[in-house]
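Dear colleague,

Please find below the structure that I am handing over to you.

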Amino acid sequence: MDEPTTSNAPGKAGGGLAWLALILSGGGLLLAIGGAVGTGSGSIGFKVGLLLLVLGFLASVAGGVVAILAWAIGRRRGRVNSRPILAALAIALVFGGYFIVQLSTAMSVPPIHDVTTDLADVPRFATLPVRADNLADIPSNGDPALKALPAEARWQAIHRKAYGDLKTLHLPLDTAKAMDRATRLVQARGWTIARVDPSTGTIEATDTSLFFRFKDDVVVRVRPDLSPAGGAIVDMRSISRVGQSDIGVNAKRIRAFLEDMKRG
């Protein structure tokens, strides 16, 4: 039996579906990019930007499904319009894979956006303002015991369970050297520095994400270690300016920063 021929021109044998698939997949990707650019520029709100991302994902997945259908029809009729089908599938797979990874990450972490190494003595911002609704919507996850707690205690309980690995860092350095190391690391990351105060041992800065230009504010606190070990202790706090969940970004940022602090 002869193999189906391939064609790059639209035709009756699934050609229209092939181009429709490309329009859906490519259009979905452009819609998501538009949401990211619009959010980053401030022309649309972040909720609208995220909605466009979701709609773009759905359109792209639909394009992938239509591409498979176009390939099946074209193969049965002996003519496969391969180029738009392959392009539509590639976009759907790459964009869809990215979206699913992000969604999976979001579902694996608690919907909180304020993360720190010290729940008992949380590092405070002096220059950068903390969002007004910071503890306004801390979820109880259907747990009556959590629901009965005040918002801050509920946040601490959720934080303690999810990010129990985040601890105060002890360094065999004096506070001046620890502050210098922390400042250099902040600068190397390209964060926008709002304040460096050696007298209080604090650094405040803002990290901006690449695509949606989301801003997360960070405070690093360096104090002398009063234990017999001596040296310096470093605490950190990272908080998102918008959204309920941070998709684990703040904890990841703190882990990476403190790991670099240890390495020097």
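The backbone nitrogen of Met236 lies 3.0 Å from a polar atom of the Thr117 side chain. That side chain also makes a polar contact with the side chain of Asp235, at 2.7 Å. (A polar contact is a pair of N or O atoms within 3.5 Å; within protein, one must be able to donate a hydrogen and the other to accept it, and residues adjacent in sequence count only if both atoms are side-chain atoms.)

Please note that this is a predicted model, in which local features need pLDDT of at least 70 and side-chain atom pairs count only at pLDDT 80 or more, while totals for chains, interfaces and linings use all residues. Residues are numbered from 1 along each chain as its sequence is written, and side-chain values use heavy atoms, with hydrogens and water left out.

Thr117 is in the loop between S3 and H4. (Helices, H or I with at least four residues, and strands, E with at least two, are DSSP runs numbered from the N terminus.) Thr117 counts as buried because its relative accessibility is 8%. (Buried means under 20% relative accessible area, exposed over 50%, and partly exposed in between, with a 1.4 Å probe and protein chains only.)

The loop between strand S3 (114-116) and helix H4 (144-147) also holds Asn134. With a relative accessibility of 8%, Asn134 counts as buried. Its side chain makes a polar contact with the side chain of Asp114 (2.9 Å). Leaving aside residues up to four places away in sequence, Asn134 touches His113, Asp114, Arg237 and Ile239. (Contact means heavy atoms within 4.5 Å.)

A polar atom of the Glu204 side chain lies 2.8 Å from the backbone nitrogen of Leu128. Between the C-alpha atoms of Glu204 and Val218 there are 5.7 Å in space, although these residues are 14 apart in sequence.

Finally, I turn to a pair of helices. The axes of H2 (residues 46-77) and H3 (residues 82-108) come within 8 Å and cross at roughly 140°. (Axes are lines fitted to C-alpha atoms, for helices over the stretch in contact, and angles run from 0 to 180 degrees between N-to-C directions.) H2 and H3 are therefore oblique to each other. (Angles under 35 degrees count as roughly parallel, over 145 as roughly antiparallel, 65 to 115 as roughly perpendicular and the rest as oblique.)

Yours sincerely
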